[in-house]
Every structure is written in C-alpha cells, then in structure tokens.
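Dear colleague,

I am handing over the structure below, and my notes on it follow. Please read them alongside the model.

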Amino acid sequence: MTEQVSTYIPEQVSEVEALAKSAFDQVKTPEDLQSFRIEFLGKKGMITYLLKGLGQLPPEARREAGIRINLLRQEVEDLITLKESSLGREAEARRLEAEVIDVTLPGKGTPLGSRHPVNLVILEIKKIFVSLGFEVWEGPEIETDYYNFEALNIGRDHPARDTQDSFYITPDILLRTHTSPVQIRCMEIKAPEVPLRMVAVGKTYRRDNDATHSPMFHQVEGLVVDRGTSLAELKGTLLAFARRMFGSETRIRLRPSHFPFTEPSAEVDVSCPICGGGGCGVCKQSGWLEILGAGMVHPNVLRAGGYDPEAVNGFAFGMGVERIAMQRYAIDNMRLLFENDLRFLGQFR
Ligand code: PHE
C-alpha cells in the first residue's frame, strides 16, 4: 500500500506540472488567470489535492514528495505573479491606445462673441473723456422725480416734462428720461470740491419708438464745475471730443437752444463725418449732424448740487449714444441695435 502511494505521488506531480504548463499557455485574460489559479491552487485545486495526499505517504517518501510539490506550487505562484503584471501592462497599453487623443484634429470651437456697437461707442467715448481728465460716474436708472426733474430746474408744470413723456412707477418714481440726474448725485457727493469733471454713461427711457427713437437708449452726460469755467472751455472740450471721435478734420457748431438746467444752452452739431460737410444722405444734405445738447449749468442746478453759484460755475453736455453709433457704422435703423440679430452684431469686432 505504502509502496503504491510513494510511486503514485511523484507521477502525479509530474502530471500536474505538465497540466499546469499547458493550461498556463492558454491564459490570455485576467479571467483565464483567475480560473487557472483556482484550478491549481484553489481549495479543491490539483496542487492542494497533492499536498493533502502527503499525509498518507510513509515519512521517507513524504519529505521528498513535499519538496517537489512545494516547488511546483512556488513555480505556479511565480507564473501567476508574472502573468498578472504582464496582463496589467497589456491592459494599460490597450487603454492608452484606445484613449489616444489626436491633438492635430480641428477643435470643436465655441464661436467668440463680439462687442455690441453701442458698447464699442461707449468704451470709446469713456476713453476720450478719461484722457481729458474726466471721472466716470454711474447713477440709478430708476429715479425720483426730484433728481430727474426738480433738482434740474424742471418744475412741476414745466413743458419739458411733456417732451420727455416718461415711464412712471409711482407719481414720484420713474425710469430716468436722461442721464442729467447723475449731475446732481455727483455734485451732492463732491461739493464744494472743484474742479469736478465727470461723465456718466447709461440707459435712459422715453415713450418714443420709431426708426430713429427707441424707448430705451443710452446717453453720455458730462459735467464740469470749476471756478471761472466758460462757454469757450465747453466748446473746446466738445471740439476735442468730436475730433477724437469723428476724425481730426471735424468741425462743430453751436446753435442757441433751451434746456431748463443750462443757461445759455446750445444744440451742438458736428460736420458730417461721411461727406465732410458737403452734404449727403446721412446728414440730409445739410453737412451737419446734431449729436448733443449742452450749456452753462443753471445757478439753480449748482445750488441743488450743493455748490455756491456765486463762487463757481460749470458746463454740461448730454449726447445720445445710439445716434453716434448709427453715424459711426452707417446704420440706418435704430431697431437693428436692439434686435440682437447675430448676422448684424457679428460685423462689429
Ligand atoms: N439732458 C438733456 C437731454 O436729454 C441733454 C443735456 C444734457 C443738455 C446736459 C444740456 C446739458 O436732452
């Protein structure tokens, strides 16, 4: 009996060894490797089975068979470890290959936006006035009657209120009809400091809607308060602005006008930047374009702002940004500026 077993075991070891080798050659995937491990080293695996059989051997044979089986087990374990890392490397290589990115392919590209022509003009206007020493101020779009009218010398019954047909929220609160209320807000903070030089840019609202009027539009307001400033300084400032904005050959002209908050007041025209003053479609053959209102600040307005009209004076001006953008870019209908048609907007960079 013992004889039998002692010869039987070494044979079985050789057999299992051969089986392990050929089975190992078939291992191609991590799953194969797992089955292989179970087949030979698992609880019911062949090598485990051999080890269990050792107990039945006579002591002399047990030692040698034990050494052989353990060697085989070691060998199979080493094969498994090696295979594990080579399968891992292969998987990694496959993954890298699958995920390869061709950096030379054209990108998906998000279309770049462009600045709105009104904003382009606003930026340019601000730049010009900042370079002339003006500060940029802001004020609320929802204003009180006091700042929008009263403090600007436009009394309750003043006809100027009608010409600015307004959006009222309550009898005392409205969407501002011009940027002039920012003059008062700025003076209230600055007075009695001089010189005060400010521009305010922003949205304004009136009940108009046609090819050259929009219910919402933008204005640029300018105000200077100083000791002994003059109409000549106003004119010089506006000429410097017009030349930077429309070209160095530009001329301006002041026509007497009326605003409750300035005295004297003027409408200011620039020589038509399209025809240079000769007359064309854009300037309706007049050679001039009306771009702004201006004047010397009324003493009542200075007083409302906290300045002493006996000690200081000032000049102010206000212009419509859409009008300037339309001239600038030869746009014939103001609505184009608000329709947000990308074919139109994409032309301005
Ligand atoms: N606020 C005036 C308007 O909207 C423009 C203006 C501003 C005129 C400042 C004179 C001085 O028509």
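In what order do the 3 strands of the open sheet lie? The order is E2-E4-E3, with antiparallel pairing; strands here are DSSP runs of E with at least two residues, helices are runs of H or I with at least four, both numbered from the N terminus, and two strands pair if DSSP finds at least two bridges between them.

This is a predicted model, in which local features need pLDDT of at least 70 and side-chain atom pairs count only at pLDDT 80 or more, while totals for chains, interfaces and linings use all residues. Residues are numbered from 1 along each chain as its sequence is written, and side-chain values use heavy atoms, with hydrogens and water left out.

To return to the sheet, E3 and strand E4 (residues 173-175) are joined in the antiparallel sense over 2 bridges, and Thr170 has Ile173 in E4 as its bridge partner.

Helix H4 (residues 59-98) has 40 residues and spans 57 Å from its first C-alpha to its last, close to the 58 Å expected (1.5 Å times one less than the number of residues). Its buried residues (under 20% relative accessible area, 1.4 Å probe, protein chains only) are Ala65, Gly66, Ile69, Leu72, Val76, Ile80 and Leu87.

Best wishes

Definitions and conventions:
Buried means under 20% relative accessible area, exposed over 50%, partly exposed in between (1.4 Å probe, protein chains only).
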